Every structure is written in C-alpha cells, then in structure tokens.
Amino acid sequence: MQMKIYLKGTRKLKKIINSFKYAICGIKTSLKSERNMKIHVTTMILVIIMGIILKISKFEWIICIILFSIVIGAELFNTSIEIVVDMITKEKNEMAKKAKDISAGGVLVIAIGSAIIGLIIFIPKIILL
C-alpha cells in the first residue's frame, strides 16, 4: 500500500518537473527564433542594469519585474498564436492575418504601456544625476 502511494507521488512529481522542462524549452525556443523576444529580453537586461546603477526602490523593482513578466509572457502567447495560425493555413487568409495582427497589437500595447511606466520611474532619477 505504501509503495503504491510512493510511486503515485513520484509520478506526479515527474509530471510537474516535466512541465517546467517543457516551459523552459518553449522560452529557449522563442529566444532563439523570435526577433521581438530578443528585443524584449535585451530591453529587460538594460532596465535591470539601469535599475542597479540608479538604485531604484524595492517597490520600483516590483513594478519592473511585473512588467517584464507581462511583456515577455505576452510575446510568448503572441508567438504561439502565430505558429498555430501558420499551422492551420499556409495560404493568404484574411482571418489568419487578423488573428496575427491583433495578437501582435496586444503585445505592442503592453510594451508601450511598460515603456511609459519605465520612463516615469527612470526619468526623475536620470535628471537628478
């Protein structure tokens, strides 16, 4: 009886570990193949460097981390939508174009909002230098 419970728990743990492996693989794949993901990650690294140099507050770090997560998550969703649309149809299709354009527009809205919040955080600190 105890062995069955142990094996069941072990299988569940393996499934959880595999879920993380697949997710990390997806992030790596996106980083290797998607230009916009590279831009977002490069921007994130530059913001982190500036945050360290300008000694932003704990609250400002929390805001930045939330925004990094939202932008990169949105880009991952956008990429997956584009891949699925491309799988469904190779020929020109107005509905496929709309789906891809709308998901890209969602990422743009999030990126612009994040950039504005970043400017609100960083410009006063840069001016005080």
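In this predicted model, Lysine 125 is partly exposed, with a relative accessible area of 22%, and its side chain meets that of glutamate 60 in a salt bridge with an N to O distance of 3.3 Å. Because glutamate 60 lies in helix α3 and lysine 125 in helix α4 (residues 94–127), the pair ties together parts that are 65 residues apart in sequence. Glutamate 60, for its part, is buried, since its relative accessible area of 16% falls under the 20% cut-off.

Helices α3 and α4 are also linked through aspartate 86 and lysine 100, which form a salt bridge whose closest N and O atoms are 2.7 Å apart; here aspartate 86 belongs to α3 and lysine 100 to α4, so the parts tied together are 14 residues apart in sequence. Aspartate 86 counts as partly exposed at 32% relative accessibility, and lysine 100 likewise counts as partly exposed at 24%.

A further salt bridge joins the side chains of aspartate 101 and lysine 97, at 2.5 Å from N to O, and these residues both lie in helix α4, four residues apart, about one turn of the helix. Aspartate 101 is partly exposed at 41%, as is lysine 97 at 45%. The count of salt bridges comes to three.

Elsewhere, Arg11, Lys12, Lys14 and Lys15 form a positive surface patch, of which lysine 12 is found in helix α1 (residues 2–33) and counts as exposed at 54% relative accessibility.

Finally, the loop between α2 (35–54) and α3 (58–88) contains lysine 55, which counts as exposed at 69% relative accessibility. The phi of lysine 55 is near 55°, a positive value in a residue other than glycine, whereas most residues other than glycine have a negative phi.

Note on methods. Residues numbered from 1 in each chain as written. Predicted model: local features only at pLDDT ≥ 70, side-chain atom pairs only at ≥ 80, totals over all residues. Heavy atoms only, no water. Helix = DSSP H or I, 4+ residues; strand = E, 2+ residues; numbered from the N terminus. Buried < 20%, exposed > 50% of the residue type's maximum accessible area, 1.4 Å probe, protein only. Patch = residues over 30% accessible without salt bridge, like charges linked within 9 Å, V, L, I, M, F, W, Y side chains within 5 Å. Areas by Shrake-Rupley, 256 points an atom, 1.4 Å probe, with all protein chains shown as cover. Salt bridge = Lys/Arg side-chain N within 4 Å of Asp/Glu carboxyl O. Lys, Arg positive; Asp, Glu negative; His and termini not counted. Charge placed at Lys NZ, Arg CZ, Asp CG, Glu CD.
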